[in-house]
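Here are my notes for you, in numbered points. Keep the model open while you read and look up each residue as it comes along.

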Amino acid sequence: MLEETTTLASSTGGLAEVTAQIERLTRDGMRTEAEHLRRVTVDGVEFMVDTCGRPFNAAHAAAKESRVRASTVHLSTLEGLVELIADEIGAQDLLVRIAPDRVEVQSKTHPEWLDRDTVASAKLPYAPLEFGAWIGLEAFRIAVLGLVEDSTDRAALLAALKTVSHKEVTTIRDDGTGQSVAVSAGKESSDAWMALPSELTLTARRTFPEVEQPTSAFILRVRTSSDTEPGARLIETDGGLWRIAAVNAVKAYLVAALEEREIELPTFVA
C-alpha cells in the first residue's frame, strides 16, 4: 500500500539504518536536517525523506554541511551595502530580504543544495528604544532625547518625565486612556493633580539613518511605587504600520541607488 507517493532509491536503507545515521551525525556534533525529515511508507517499508521528497542520505547531508561557503560581509549602512553590490557582487540573481533594522543579500539558489548563501548583511548601527517595556525614568529620558526626533509631542513627553522625576508624586490615577499624577504641595496644602500626555505622535529612530524615519502613535504610561523602580514606557498603537513604511523606504532607497549606478535590480522580499 502506497501511503505517500515519492521516488525512492533502491540503495536507501530502512528506517533503522537511517535513524542510526542521524544519531551518528548528531553525536559527531554535526547539524543535520533531521527536524525537516518526514516518514513515508512504500509497500510496507518506512523511509525518511526530506522536504523535497528526496530520500535522506547521510553522505549528502554531510557534504552539504561541510561545503565551503562565502563569508558574510557585515555592514552598518545602506550606502555601504549598495557600494558592495555595485563594486564586488553584482545584482544578477540576488535576493534582498528587507526588515526595518536589517537587510540581507542572498545568492541565487544553489542547484544541488536548494538553499542560498547570505553574502552581505547590513544591520542597524544602534539599538532602537524598546517600546512596551518599563524603563527607569532617567534612562528613558536619555533614550527619548537620543532616539526620538524633536517635535511638539516629544517636548510634552520630556516635560511630563521631568514632572514625575523632580516632583514628589504621591498618587497616579489611570482612567484607561490617560494618567494624572498627584503632586505634593506641602503639608499645609492639598495635592495638585497634573494630567500627563497620553496619546503622542512621535518619530522614533527605528530604521536606517539614510531613509526617512516612520512616524506613529504611542501611549505613555508611567509608574511610581515604593515596591518598584519609577519608570515609564511607550506603547505602540499603530498596529505595526510603521514597519511597512520603514521597509518601503529602505527598498525605495536601494532601488534608486542601484538604478543611479545602472546596476540590474535584484529581487526584493520583506
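**Notes on the model**

1. Start with helix H3, where Leu-78, Gly-80, Leu-81, Val-82, Leu-84 and Ile-85 are buried. "Buried" here means under 20% relative accessible area, "exposed" means over 50%, and "partly exposed" is in between, with a 1.4 Å probe and protein chains only. What do the buried residues of H3 pack against? They pack against S3, S5, S6 and H6. The labels come from DSSP runs numbered from the N terminus: helices are H or I with at least four residues, strands are E with at least two.

2. A word on what you are looking at. This is a predicted model, so to speak of a local feature takes a pLDDT of at least 70, side-chain atom pairs count only at pLDDT 80 or more, and totals for chains, interfaces and linings use all residues. Residues are numbered from 1 along each chain as its sequence is written, and side-chain values use heavy atoms, with hydrogens and water left out.

3. How confident is the predictor? pLDDT is its confidence in each residue, from 0 to 100. The chain has a mean pLDDT of 77, and 63% of its residues reach 70 or more. Over residues 1-12 the pLDDT stays under 50, and the model has 23 contacts for them beyond four places in sequence. Residues 26-33 are also below 50, with 8 contacts in the model beyond near neighbours in sequence. A contact means heavy atoms within 4.5 Å.

4. Now the sheet. It is open and has 5 strands, in the order S3-S6-S5-S4-S14, with mixed pairing. Two strands count as paired if DSSP finds at least two bridges between them. At the edges sit S3 (73-75) and S14 (267-269), each pairing on one side only. From one strand to the next, the twist averages 15°.

5. Let's zoom in on the pairings. S4 (residues 95-99) and S5 (residues 102-106) are antiparallel and share 5 bridges. A hairpin of 2 residues joins S4 to S5.

6. H3 (residues 78-89) touches S3, S5 and S6 (118-123), and its direction makes about 160° with that of S6. H6 (residues 241-260) touches S4, S5 and S14, and its direction makes about 145° with that of S4. For these angles, axes are lines fitted to C-alpha atoms (for helices, over the stretch in contact), and the values run from 0 to 180 degrees between N-to-C directions.

7. Back to H3 for its start and its surface. At the start of the helix, a side-chain oxygen of Thr-77 comes to within 3.0 Å of the backbone nitrogen of Gly-80. Asp-87 is also in H3, and it is exposed, at 65% relative accessible area. Asp-87 and Ile-263 are 176 residues apart in sequence, but 9.9 Å apart in space, C-alpha to C-alpha.

8. A polar atom of its side chain lies 2.9 Å from the backbone oxygen of Val-148. Leaving aside residues up to four places away in sequence, Arg-154 touches Val-144, Leu-145, Val-148, Glu-149 and Leu-202.

9. How many aromatic pairs does a search of the whole structure find? It finds 1: Phe-131 and Phe-218, stacked, 4.8 Å centre to centre with 25° between the planes. Rings of Phe, Tyr and Trp (its six-membered ring) pair if their centres lie within 6.5 Å; planes under 30 degrees apart are stacked, over 60 edge-to-face, and the rest tilted. Phe-131 is in the loop between S6 and S7 (135-136) and Phe-218 is in S12 (residues 215-223), so the pair ties together parts 87 residues apart in sequence. Phe-131 counts as buried at 18%, and Phe-218 is buried at 0%.

10. Finally, have a look at Glu-262, in the loop between H6 and S14. Glu-262 is not a glycine, although it has a positive phi of about 55°. Glu-262 is exposed, with a relative accessible area of 75%.

Methods
pLDDT = per-residue confidence, 0-100. Polar contact = N/O pair within 3.5 Å; in protein donor to acceptor, adjacent residues only side chain to side chain.
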